[in-house]
Structures are given as structure tokens and as C-alpha cells.
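Please open the structure in your viewer and keep the sequence beside it.

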Amino acid sequence: MIVVNSSILMKSEPSDKSSLETECLFGETIEVLEECLDWVYCKLYTDGYCGWVKKKGLGRLNNPTHRVIVRRSFIYSNKDAKSNCLLYLPLGAKLVIDNIQSEWAEVSLYNNETHVGYVPSSHIVSLDHRFVDWVTIAELLLGTPYKWGGRDTLGIDCSALLQLSYQTYGEDIPRNTSQQIKLKKKDIRDIQDLKRGCVVFWKGHVGIMIDKFNCIHANAFHMQTKIEPLSKIVERIGKDFNIIKMMDFN
């Protein structure tokens, strides 16, 4: 099944009061494993994360063809920026695009029955598109509020910032820092080798280097996505960290 809302909450238990695990974005595919009243226990195909989501946020559509590459977009009722906004689309949302004509792309929707809306064509790319400088996408999210478990760009946490931005390089990676740190990438032993695209892991936290000295991270200290010197973060969190180089920009 496919997520048909802008995003839906994935909970630890089938209850509104249970803790937030992560969020599933529009167009992402889930596998239903169990049902309980208005809830389903499911696996999110993007990263294999499992949890409970509300049934009402799910529907059936064809396989997605494109994804949203801007911080946030909208689906309009017509090919007109003055027409009604049907729903917003966060970065990483996946779309079934039927037709692209100049400034507008026709997208399939689900609302009791399948219908269409329109999204600015400049806000989407094909699923196989790759941004070499994926850190640019992380920088787009500067100022985004911090939200524990958040993955919708209305509010994100540190590991979602890495996951969403690196996804634009063409690689789906795990959701949580405990799995992300195990990625088979090149370890950096000498802090002098830091460069743009290096990722710094502390226990339960991760940041992305935008250059040799500065790091972007979604964090509860500032309650937003912030760029600050790595040295200041180390003063606050500690010197016990690991560094990996996700890829070369050369």
C-alpha cells in the first residue's frame, strides 16, 4: 500500500498516546504485517522500519516515478498557482507522475477514488536522479524545527536530516544513527581530514560537515536545524565521536 497523506505517524503501539517512531511520507510504500482496529502494523520499504500507522492514511496507487527535491511543495487542483492547494509535499515524498508539460506535472492522487493534481515540475526529479553534492539538500533544511522521530520537513531529527539528504545521492540508508554508523563507508581517523560530506556520529546523534570546520545538524539544544562549528558541538556533547566519509565529491 502507499501513503496517501502528506505524511503519517508511525507509532510504537496502536495508540495515539504511544511514542513516535518515525514518519512515512506521501507516496512511500509499506507492507502491512498485522491489523488492529484502525491501525496496521507495517514495514516501510524505504528503510525497513516497522511500526503502527493509521489505516486512513493509506491507499493504492501505481509505483512512484518521481520524488520531491525541494524543502516543501504543494499539489494544486489545477495548473495554476492561484488554484486550491490539495495537500503539501515534504522533501522525499514520492509521486506517480503521468505527464509533464513545461511548468507543471500531473500527479495521481488517492481520495476515495484516484484523481489528479498538479505540482510544479521544478520541484520534482525522477527517482533515478542523483545529486552529487547531497549536502546542498541538507542545507535547504536549515532552520527546520527539531522534532524527535520527525521525518516530514515540518520537523525533523538528526538522523532524518542525514537520511533525507543522502537519499538524493541515490542511496536509501537506515533511519537511526545506531544503524547509520555501521554503513560501509570510509572511516576518518584524523580530524584534519574532515571535509564537506563527512558525517560525525556521537552516541544517539549525527551531524553533517559542510566544510572542514562547520557542521549542520538537527538538534534539541537549538530546537532546529543549525550550522555551527564542530568544535562547539564537541564542547557540548563530548569528544567521543566517530567520523565517516559518505562519498567523494571529486
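Which residues have the most contacts inside the largest nonpolar core? Select L95, W134, L162 and M246, for these are the residues in question, and the core that holds them has 43 residues. A nonpolar core is a set of buried Ala, Val, Leu, Ile, Met, Phe, Trp, Tyr and Cys residues joined through side-chain atoms within 4.5 Å. Buried means under 20% relative accessible area, exposed over 50%, and partly exposed in between, with a 1.4 Å probe and protein chains only.

Before going further, note that this is a predicted model, in which local features need pLDDT of at least 70 and side-chain atom pairs count only at pLDDT 80 or more, while totals for chains, interfaces and linings use all residues. Residues are numbered from 1 along each chain as its sequence is written, and side-chain values use heavy atoms, leaving out hydrogens and water.

**The helix α2**

Next, select α2, residues 158–167. Helices (H or I, at least four residues) and strands (E, at least two) are DSSP runs, numbered from the N terminus.

Centre the view on L162. Beyond its neighbours within four places in sequence, L162 is in contact (heavy atoms within 4.5 Å) with residues including W134, I173, V199 and M246. A second, separate core has 12 residues, among them I188, V200, I233 and I243.

Move on to the loop between α2 and α3, and select T168. Is T168 buried or exposed? T168 is buried, with a relative accessible area of 1%. Not counting residues up to four places away in sequence, T168 touches R67, I69, H129, R130, F131, W134 and I137.

R175 is found in the loop between α2 and α3 as well, and is buried with a relative accessible area of 2%. With neighbours within four places set aside, the contacts of R175 include E21, D47, D157 and Q163.

**The largest pocket**

Display W148, D157, S159, N176 and G204, the closest to the centre of the largest pocket among the 19 residues that line it. A pocket is an open set of points on a 1 Å grid over the protein atoms alone, where a 1.4 Å probe fits and protein lies on both sides within 12 Å along at least five of seven lines; lining residues have an atom within 4 Å of a point. About 300 Å³ of space lies in this pocket. Elements giving two or more residues to its lining are β3, α2, α3 and β19.

**The strands**

Finally, colour the open sheet of six strands, in the order β16-β21-β17-β18-β19-β20, with antiparallel pairing. Two strands pair if DSSP finds at least two bridges between them. β16 and β20 stand at the edges with a single partner strand each, so one side of each is left without a neighbour in the sheet. Between β19 and β20 there are six bridges, and C215 stands opposite E228 in β20.

Elsewhere, select β2, residues 7–11, where four of the five residues are buried. Five bridges join β2 to the antiparallel β3, and I8 has C24 of β3 as its bridge partner.

Technical notes. Points joined across faces, edges and corners; volume = space filled by probe spheres on them.
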